[in-house]
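Please examine the protein shown below with its sequence at hand. The paragraphs that follow begin with a pair of helices and then turn to the ligand and the overall fold.

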Amino acid sequence: MIILLTGTPGTGKTTVSRLFSKKYGFRKISINDIATSEVCEGVEKGSRLVNIEKLSDKISQIVSGDAIIEGHLSHYLPYGDIVIVLRTRPDVLEKRLIKKGFDKDKIAENLEAEALDVCLIESIERHRKVYEIDTTKKKVPDVVADMKKILEGRWEEFVPGKIDWSENFFDVKRNKKKVM
Ligand SMILES: Nc1ncnc2c1ncn2[C@@H]1O[C@H](COP(=O)(O)OP(=O)(O)OP(=O)(O)O)[C@@H](O)[C@H]1O
Ligand SMILES: [Mg+2]
């Protein structure tokens, strides 16, 4: 079983996959660690440009048995049995990204991507089994428990389409204007 765990930066992929792999014995593969010079083709606006084909080849060489591949590009991989997209409401995501030390532009870009469901839409375009978990009001172990539910076939509440961040996203933007 290969799980692809994706989502906008700050939604918790690395934190959640660490606990999930420890608890359920899945091998954790972090794309951030794999995307070294071999698979990168330069840098644009502070982000690495990853060659997906090379990344995919490199991961397929090391993957075996149960694995969780995490990273915001994981849903671009042409394999994987299931895709889980972590979601976070923009006002909460903003706080997490500030804590992670992201600059203003990167935060704005990522909040917009989250509000526009970018990872979810890209996942649905590429994979058949796609589920989403709202991490906003949850603790990390709760998200891990939700993932287990999905794997056990109790996936009804995680079917895509229930999340809509548009109102919250505009509130966050409006509040910004007042402050400035
Ligand atoms: N329910 C939750 N699920 C996951 N992370 C949470 C949750 N609540 C709070 N957090 C916190 O949010 C932060 C998420 O950061 P993390 O580095 O795991 O995100 P990421 O998705 O891997 O980001 P990146 O794409 O930049 O690697 C952590 O500090 C984590 O403790
Ligand atoms: Mg990470």
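In this predicted model, Pro90, Leu93, Glu94, Leu97 and Ile98 of helix 4 make contact with Ile107, Asn110, Leu111, Glu114 and Ala115 of helix 5. Sorted by class, this contact comprises seven nonpolar residues, one polar residue and two charged residues. Helix 4 covers residues 90-99 and helix 5 covers residues 104-115. The axes of helix 4 and helix 5 lie 10 Å apart and form an angle of about 145 degrees. The crossing of helix 4 past helix 5 is right-handed.

Attention may now pass to ligand 1. Which residues are closest to ligand 1? They are Pro9, Gly12, Lys13, Thr14 and Thr15, within a shell of 17 residues that surrounds the ligand. Two helices, helix 1 (13-24) and helix 7 (140-151), each provide at least two residues of this shell. Helix 1 contributes the most, namely four residues. By class, the shell around ligand 1 contains four nonpolar, nine polar and four charged residues.

These elements belong to a protein with eight helices and seven strands. The protein is as compact as a globular protein of its length, because its radius of gyration, 16 Å, is close to the 16 Å that the globule rule gives for 180 residues. Along its principal axes, the C-alpha trace spans about 50 × 40 × 30 Å. Of the 180 residues, 35% count as buried.

How values were computed: Residues numbered from 1 in each chain as written. Chains lettered and ligands numbered in written order. Predicted model: local features only at pLDDT ≥ 70, side-chain atom pairs only at ≥ 80, totals over all residues. Rg over C-alpha atoms; globule rule 2.2 N^0.38 Å. Buried ≥ 20, exposed ≤ 12 C-beta atoms within 10 Å, placed from the backbone. Near = placed C-beta within 6 Å. Nonpolar A, V, L, I, M, F, W, Y, C, P; charged D, E, K, R; others polar. Axes fitted to C-alpha atoms, helices over the stretch in contact; angles between N-to-C directions. Left-handed = near helix turned anticlockwise from the far one by under 90°. Contact = placed C-beta atoms within 7 Å.
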